[in-house]
Amino acid sequence: MTETCQDILLTILEELVEGQQKKFKWKLNDIELKKGYANIPRGQLEKADATDMVGLLVSYYQEEYAVEVVINVLNQINDKDLAEKLRRKSAEVWKTRCVAVSPPDVDHRANYVAFVKEKFRRVKDYNSRPGEWVSLEDRYTKLFIVKKQHQVEDKEHELLSRGKRHMEIMRKPNSFEDHHVNVENLFDTLLDGTITRKVILQGIAGIGKTATVGKIMYDWSSGRLYQDRFDYIFHWSCRELNQITGKLSLAQLILQNWGHPKPELGEILSCPHKVLFIIDGFDELRFPEDCDKSKSLFCDLDTLHSTSAALIESLLSSKSLSEACLLITTRPLAVEMLEAQMKADLWVEIMGFLEEDRKEFFKKFFKDEEKAAIAYSQIQENDVVFTMCFIPLICWIVCTTLSLQLRDSEEVVQNVNTTTQIFTYFVVTLLQSHGRSQTSTQNLFHNLGSLAYDGVRGQKVLFDESTLRKCNLEVSKGPSTFLTELLQGDIFVETIYSFVHLTVQELFAALFTFWNKKAALELLEEALMEKKSHLIITVRFLFGLNNDKSLKPLKKYYETDMGISKDELLKWTKKALLICQEQEKQSRFLLELLHCLFEIQDEKFVISALEEVKELVFQENNLGQDDQQVILYCMQHAREFRRVKLSSLKERHMSKLLPLLRKCRQINLSASGISLCTLHEVYAHLLQRLTMTKLHVAYEEEDGIYFAVEASCEGDPCTITLDNLPEDAAVAICDRIIPVHPGIVTLDVNGIKGGEAFVNGLKNSLLDSACRLESVGFNIENPRLKAFQDICQHLATHHRPRRFLLFRRYDGDEIHFGYLAKDEEKSGNRFQKKKKNEKRENEAQNKWFPWPFLIRKMREKQKEDSIAVLTCLPEEHFLNLTMWVTSTFTPLALYLDENSIDDERMKTLCENLNSAQYQLQSLSLRSNNITQESIANICSLFFCNVAISLDLQGNPVGDESVKILAACLKSKACSLEKLSLSSAALTEGCVPAIISLFSKKNTLICLDLSFNDLGDGGVKVLCCALKDKERHLEKLILENNDITNNSEQELIQLIKTTASLKYLCLDNNNFSSSAKARIYSAWEKYHKEEEEEVAEH
């Protein structure tokens, strides 16, 4: 029984699952219909099953239109497989042509699929010998494909960019997200409903067009691609079609891959829309000389034609098998000719490899992840080559070259192929694979070189047809191997051309100058001018072409004498290097010149060129691995350098650099990702001939160990800084350096806990050394360890401490130890001083004091000697450490801030300190829990007739404490220099006691009474008392004391009569704006002659 359209509709609708049925009904009720038709009401659809819906569809739309409606609805709910199945089955019902069927015992399609799978499962490399094959699955790597054509501006940016920037442009959002397309989606229905039948796949030479269609064939035959879309896919290579000499019909061409018996064409073409023809390499298809490509002839299946081009034309123009699908690959320059013969539904472009695809290619090529990583890392640092690795052919050449070097070694050897060699291999490989004769190639090289040279000099990468004609380049005769095209213009469209990348253009420009002496001298002269840095890669290629190994592959295609001699190149090189030595900020140009020397690979030439080069300083350059390799090569061929500064070095280059350090009188190196063993080797080599003046070693999560080292022939003092290292590594470094380097004056170890092993190791290193450390800093887990105390006493035997520090910033932090010698100023420790100066400058720039911080130039702060800072220490360590430090080092100034000292502990502390019998001059007890009960004990620490400083900020001592303090100090005849009672719970009742502190000597220069409650009464009394005394007061802080306008006159009078006053703080009080203005005016009037400057609180 013959199947009807209603039967097919029922079968299709029954295949819809429940969720899809609901979507189908909802969309069917809402779909846009042809004029004269109405939507089926929602009420009739809600409870209708598949049989009911078929009845409704036929009654509303009749059979033929009902099928079309269902197909549209299925597409809109994204069930494209069912839509295609309905389209195919309904076409079979309606077709009228009889189709012959092959005998049932032969499965011709299965035979063909097996043949295709076997044919495309393996490929040949460019350098394969007979019988050598590579698995397609093992080699093919996904390529980045985009829809639509580039805007001219985008293409120009892509051509000019290199390295990471080139990668960013390739995958920018408007290309990557909106226009990116995968191979499996090439024949999807377009957004406007167009069924995709004809696709153009374009790409430059070597970009992977043939590999892509080969992968399509293999995946289809393996059941992974287009299974519901195409019953048959045929692949025709235009290069192979050109070899056919006899007459051929379209039927013969289709059936050429079958043995016997052959199937009937009716079986293959029964559903022509399910057949895909792939035409690979349209740009290579040879048309007869008298062929008019604008008039393609109709070809039926059996008509014999003298050329395969006629058959292809017939398919393209839809005059044969008009329902069949087509995929045509071509280079960009043939797109215009192709579009004249065929209107494509979609055209896409292969852009090449993105970064992740390049990595994948390297992995597949080497089949060894470690070697692949080494090779990829090597090439990633060479911007010129890495950029061109978007072309799979370049990737293959690079991998082939590096694999030969990595075959018997774990790293790339020094004589790695130069950039010029890689690009000449690229050019030659393209020429070999596209079969050009020597005569045609010689002319092509000259003409392309002329175009490239003029473009490079004029910084031009896009060319119109008239420019090509001036260089004797005719696009119709196909220089498409190295050129690509794109369209520009809004109303009048014009075709413009470019080289596949700027680097290829620069290579051809260099070839032109290599064979043209006048052009070479012109290029070299311009390269020395300012703002001509764009010429340097062309110069690099010119040097590379003077290397016989680079030039040899090209000689087969271009026979001519060399234009410029090596002597002339050498003369120019010496002149350019001299300019670099004489001018600052020429490190980039110097590096490029070293690249030129590397490209030429001529030992005698390089030695002569470097004779007068005394410095290799690359201060601002982040050196890539290719840069480092080039520098090492040049250092090997130089006699001696006065100074060498290199940064961003890697492990593999450090081992090669070490023997070369003997040629340097002063070095400055930095490296990352190196081993501790290599680090030991570095300073072992340095200390044989030079004196190390700075070493900074740090551990970074991403890069591992980083170090920076400076050394010279001079005997300057040495600074060592170790950051975030494992403690055993820090111990190992100290053990290797400290005993053998007597010039170390500073050791700063950060980011460690300072456990017992570290402390013991450091102690042993110090006791075995002759160095006299003047500045030391590290964290200490237990400061009561004997080894730690031995270190401190050892330091004190050479230099008494100017500052002794044991502190925590917050509870729970590690305890930090710091030791600064008295004569640190004489140590020449420039590094530390520089850091301090930078810090002060930054603070000065960032501070802003609004009114009423009234400031004049303060007298230069006197440096305090013999200071011990013991702040925020754990309770269990505090008392013992304080006693040990004071008895061992007898500091004159003692800072015991934030130690939670209460009255009881203060009493114990004072009793112990008094028994030590040393002369304390300054005491800071900020932010403890001291009350008036401790004041007498505190005063007992000070000797008679001594000028002292006392800081009780943040302690709730109250008014009575001030009275006790005044009485005690008066009884000892002690005078005050500085007194801080900020946040001490004071009122105006303490003011008379404060006034009494002003002794006859009147030495008080700083008084801080901020954050108390003196009020107007207390301030008035204080101001009146101060104006009647002979004063030296420079700093008075009355911030946040509830002062109002009532004290205005007294304050103005104080300003007027106290000439010594440099700093007055009245912030956060209750003055009116007018009172503020009057006080400020008084300050300006009486202190105008002094220079304003921010004083230190």
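**Close-up views of a predicted model**

**View A. Cys-910 counts as buried, at 1% relative accessibility.** Buried stands for under 20% relative accessible area, exposed for over 50%, and partly exposed for what lies in between, with a 1.4 Å probe and protein chains only. The model is predicted: local features require pLDDT of at least 70 and side-chain atom pairs pLDDT 80 or more, whereas totals for chains, interfaces and linings use all residues. Residues are numbered from 1 along each chain as its sequence is written, and side-chain values use heavy atoms, without hydrogens or water. The closest cysteine sulfur to that of Cys-910 belongs to Cys-939, and at 9.4 Å it is too far for a bond. In the whole structure, the search finds zero disulfides, a disulfide being a pair of cysteine sulfur atoms within 2.5 Å. Cys-771 likewise takes part in no disulfide, its nearest cysteine sulfur being that of Cys-718, 9.5 Å away. Cys-771 is buried, with a relative accessible area of 1%.

**View B. His-637 occupies the loop between α31 (625-636) and β13 (643-649).** Helices (H or I, at least four residues) and strands (E, at least two) are DSSP runs numbered from the N terminus. His-637 is buried, at 12% relative accessibility. Beyond its neighbours within four places in sequence, His-637 is in contact (heavy atoms within 4.5 Å) with Glu-603, Val-606, Ile-607, Leu-610 and Lys-663.

**View C. Asn-724 and Ala-985 have positive phi values.** Most residues other than glycine have a negative phi. Phi of Asn-724 is near 55°; this residue lies in the loop between β17 (718-723) and α34 (727-737) and is partly exposed, at 46% relative accessible area. For Ala-985, phi is near 60°. Ala-985 belongs to the loop between β27 (975-980) and α42 (991-996), and its relative accessible area of 51% makes it exposed.

**View D. Trp-236, Phe-362 and Phe-817 have the most contacts inside the largest nonpolar core, which has 305 residues.** Such a core is a set of buried Ala, Val, Leu, Ile, Met, Phe, Trp, Tyr and Cys residues joined through side-chain atoms within 4.5 Å. A second, separate core of 32 residues includes Leu-13, Ala-48, Met-53 and Leu-74. Residues touched by Trp-236, leaving out those up to four places away in sequence, include Leu-241, Phe-277, Asp-280 and Leu-315.

**View E. Tyr-112 and Phe-234 form a tilted aromatic pair.** Rings of Phe, Tyr and Trp (its six-membered ring) pair if their centres lie within 6.5 Å; planes under 30 degrees apart are stacked, over 60 edge-to-face, and the rest tilted. The two centres are 5.2 Å apart, with 40° between the planes. Tyr-112 lies in helix α6 (residues 108-120) and Phe-234 in strand β5 (residues 232-237), so the pair ties together parts 122 residues apart in sequence. Both residues, Tyr-112 and Phe-234, are buried. The whole structure contains 36 aromatic pairs.

**View F. The charged end of Arg-122 sits over the ring of Trp-133.** This description applies if NZ of Lys or CZ of Arg is within 6 Å of the ring centre and within 35 degrees of the ring normal. The charged end of Arg-122 is 4.4 Å from the centre of the Trp-133 ring. Lys-1035 places its charged end over the ring of Tyr-1063, 5.3 Å from the ring centre.
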